Amino acid sequence: MSKQKEIQQKKVSKSNTKETQKNSEGFLAKYGFSLFIFLISFLVYANSIPNDYNLDDELVTQNHRLTAGGISAIPDIFTEPYYKDKLGYSYEYRPMVLVSFAIEHEFFGDNPHVSHFFNVLLYALLCLTLYRVINRLLGTDYSMITFVAATIFALHPIHTEVVASIKSRDEILSLLGALLALRYALKFNETKKWIYVPCMFIAFVFGLLSKLTITPFLIFIPMAIAFFRTTSLKEMLLLSIGLAFPLFFLVNINLLKDRVQFLMGVLVLNCVLFILKNGVSGNWLKHFSVKGFLGIYLSNAKSYASSISFRNFYQWQSILLSIIILGLAGLNYFYFIAGNNGLFLGTLFIIGFSLLWLNWEWKLIVGIGYLSMLLFYLFNLQLPHRLALSILPFPLLYFGLRSKGIQRILLIAFAIGLTTLWTIQRYDGVIVLVGAMLVLFYFQTKTAKYQLPILIVIAIGQTVLFFLGTEKNIFYFNFLIVFLFLSYFSEKNYRIAIIGVLAFVLLIPSLISIKVAQQPLHIQLQDTHIVGKLSSTNGPTIIAYTNRPLNFVEIPVGLNEPLAIRLGTGMDIFAKYLKLIFAPYPMSFYYGYKYIDALNFWNAYPIAIFLMHLLIAGLGLYFLRKRPIISFSIFVYLISLASVSTVVSALPGMMADRYLLIPSIGFSILVSYLLLLLSKNPFNGKSLNEFSLPLKAILLLICIAYSGVTIARNFDWKDRVTLFSKDIENVSNSAQARNLYAVHLALKAGTTSNTSEQTKWREDACVQFKKALDIYPEFMNASFDLGRTLVQLNRYDEAMAEFKNTIRIKPTFSEPYSNIAVLLDAQNKFAEAIPYYKKAIEIRPKLMVYANLSFDYFRLNDFENSLAVSRDASKDFPNAYQPYFNMAKVFMRMGARDSAIANFEKAYKYNENDYSLVSTLYAMYAERNDPRASYFGERLKLLPKPQTGNFINQK
């Protein structure tokens, strides 16, 4: 019996063991990859936890004006800008990242190691979220691609700035919010449950309130669903509008019209990507009513009957008539730039009338071009009643209402878009919108592959003409006509004829326009009151902030630079980013001038980089329907980089490693896909054992290399001076990098009491300041800080010379004047110091400068001027006690003791806690046996006694 029980127990034990193993295998099968991604993400950055504070961490930590208040400061955080300084400059609105630091401070105080720990933990959660979201997006058929991509992303060394810099937590939180928004958008698409729409909205707002770098997800989220899911244009537009709504209030664009144009442009781009991927029904024109169209433009039945009789012309006749119309458009264009009013208006009328005689299949497309041409001319002619002319898109609205499905949405949106852009006077937006719509038609033709090279060649030709001196509006017009013609001519048999017509109608008039005087037509009517008011209206904002001015060394190419310069410099930055994304070594804490310098686009190098990225974009379009993963990866990389390029943004340093966080998602997906594709490994494997040996070796090599560089880079971020000293040779020609290194060497000197160490740090700082000035001799900050460091080294003559150099660079900067005056005072050259003090006060009055100037006059026994300076100080600083205190001292020297007492009393009114002042009043009243002496005597007992006594006892 006992043996039977023993056997039964063994069976139960064996069964439990098998069940445990089965459960364990099931857990690993389900969560193994997720656990692996989380662990490697955390472990590869774990050695950054012992690091100290580093570059810009003081913006969110170390006695921060808001986060130091802990949880109680959270309400204030949502009403304050992200950054705010004593000069009144403030920028950005990132309350969520400040909330995270406030909560952290509540429980741990200012502790860099705790902050680093949470950064590493949040990064691991980010990598895990990326893996889960991309896995949901691509599906189980691409599970191994998702795993490899998440691994590459997690280990990529370019993310060290994001993780090792405490301040860069904003990048992690913002991307985390964007990925969660994508997750909920996918759930909505899969389940059609509306609860996921507000979840998506909340997640995206969370990301935006952390940092606006996730703005490109306004495109990526709809694009992901359009590329990898079955969806409708209606659903995609719903998601786009839901994401765009908070951006309308948060986007860093001041003018309302620019903000509207930006959001409309994003919506149009989403529509274009959707149509390119999913196409449009080829028979949608049948829903249109010829009668309705002609009823709008013709007023009598006779015209209607005659026009409809030509509806069935053969294609060649329609093409011949179109060539005539286009030729008239070219002549009309020439008459416009030549200033011939009669012929211009005549040909314009003929063109409009001739549209009615085209085959109906092309009436809408050519009609759109004609309406756009009218808008262009009306803008340049400044005709009256612009708002009334916004009814021109109404035929499109009519057709939209008569059509079905996607066509209805497209045409209604197009009509509303045209009306809106026309109303707010954004004519460049009108051109872009019309061009985008024509592209949609264009890519539906069977012969698009023959037309695309023509489009590229003509577009480049028009761009060249533009930069050679052609008027900007002419460039817009020609580019529009290119879209129009290429959309119209779709038969491959006429390709040669098309090229000839385009050359005649477009290029020749453009060349003539360079030579012909650009005289406007003699029509002076104008009505810009309403649109003028709107064009200068700022968009709504949650809080008001003022961006700090950026120095030349921070941004040598601003948004006011010519497009050729911004584009050329942007291409140089794109090349540097491309190198860093593949081989992230060496990296740097800062770039800026002259590591990045202004570069004209019309040079071989930027043109080559442009063509390279144009080819990459072309591959994205080419693989759009064949391999959407490639297209998605390419577009994520290019669009996110474009959002931080010099063409559209003004960013300090011009580039940064942290800006590759989002582009690296596209890079990681693309590399993983290509690795598995080229090695012919399964995309949907369940184990790494299914990989071939060469692929395992490649992946292992990538992981070892990336992990090694990442871990080593974390040590570089130990503290500011360590980081700067490691990186400075990598960016040896960066003036601001040299300057930042020098500043923190000087600050480090102040943290030690060892005189020899102080001297060493300051000498090293001077070397870096001088190198910064060698790179950029007009670097005011470096010059001024060099002067201050030389003062600390007691090299006064060199310091004075450097302060004078600072004045040469920026004569309106007050500090070097007062510093020179102080150095002259130290040499008892009071008379020489006075003009410098006066200049400093003239530029920016300061209480201490007033006091020093008054004291110089006092030491020169010029009591009247000394009193006059103090009186001026009392006017500029009416609540300050020092001017009255100083005047009292002068009166004491002059023997006017009553006047002295009166000014001491005024000084006491503004400061009752100055021991020297109270002691002086007590002594003076006691000397006179004045009863008020007892009051000041009692007051003295309540104040801490300093080393110096009252003014009377001082020599």
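Author: Helices here are DSSP runs of H or I with at least four residues and strands are runs of E with at least two, numbered from the N terminus. The model is predicted, with residues numbered from 1 along each chain as its sequence is written, and local features need pLDDT of at least 70, while side-chain atom pairs need 80 or more. Totals for chains, interfaces and linings use all residues, and side-chain values use heavy atoms, without hydrogens or water.

Reader: Between which helices does I71 lie?
Author: Happy to start there: I71 is a loop residue.

Reader: Is I71 buried, partly exposed or exposed?
Author: The classes are buried (under 20% relative accessible area), exposed (over 50%) and partly exposed in between, with a 1.4 Å probe and protein chains only. For I71 the relative accessibility is 38%. I71 therefore counts as partly exposed.

Reader: Which residues does T129 touch, leaving out those up to four places away in sequence?
Author: T129 belongs to helix α4, residues 112-138, and is buried at 15% relative accessible area. Contact means heavy atoms within 4.5 Å. With that sequence exclusion, T129 touches L176, L179 and L180.

Reader: What is omega for the peptide bond from Y585 to P586?
Author: Good one to look at in the model, since most peptide bonds are trans. P586 sits in the loop that joins α24 (563-582) to α25 (604-622). The bond from Y585 to P586 is cis, with omega near -5°.

Reader: And what is omega for the bond from Y593 to K594?
Author: K594 is also found in the loop between α24 and α25. The peptide bond that leads from Y593 to K594 is cis. Its omega is near 10°.

Reader: What is the phi of M654?
Author: Most residues other than glycine have a negative phi. M654 lies in the loop between α26 (628-642) and α27 (663-678), where the residue is buried, with 3% relative accessible area. Although M654 is not a glycine, its phi is positive, at about 70°.

Reader: Is K680 buried or exposed?
Author: K680 is another non-glycine residue with a positive phi, about 60°. You will find K680 in the loop between α27 and α28 (693-716). With a relative accessible area of 76%, K680 is exposed.
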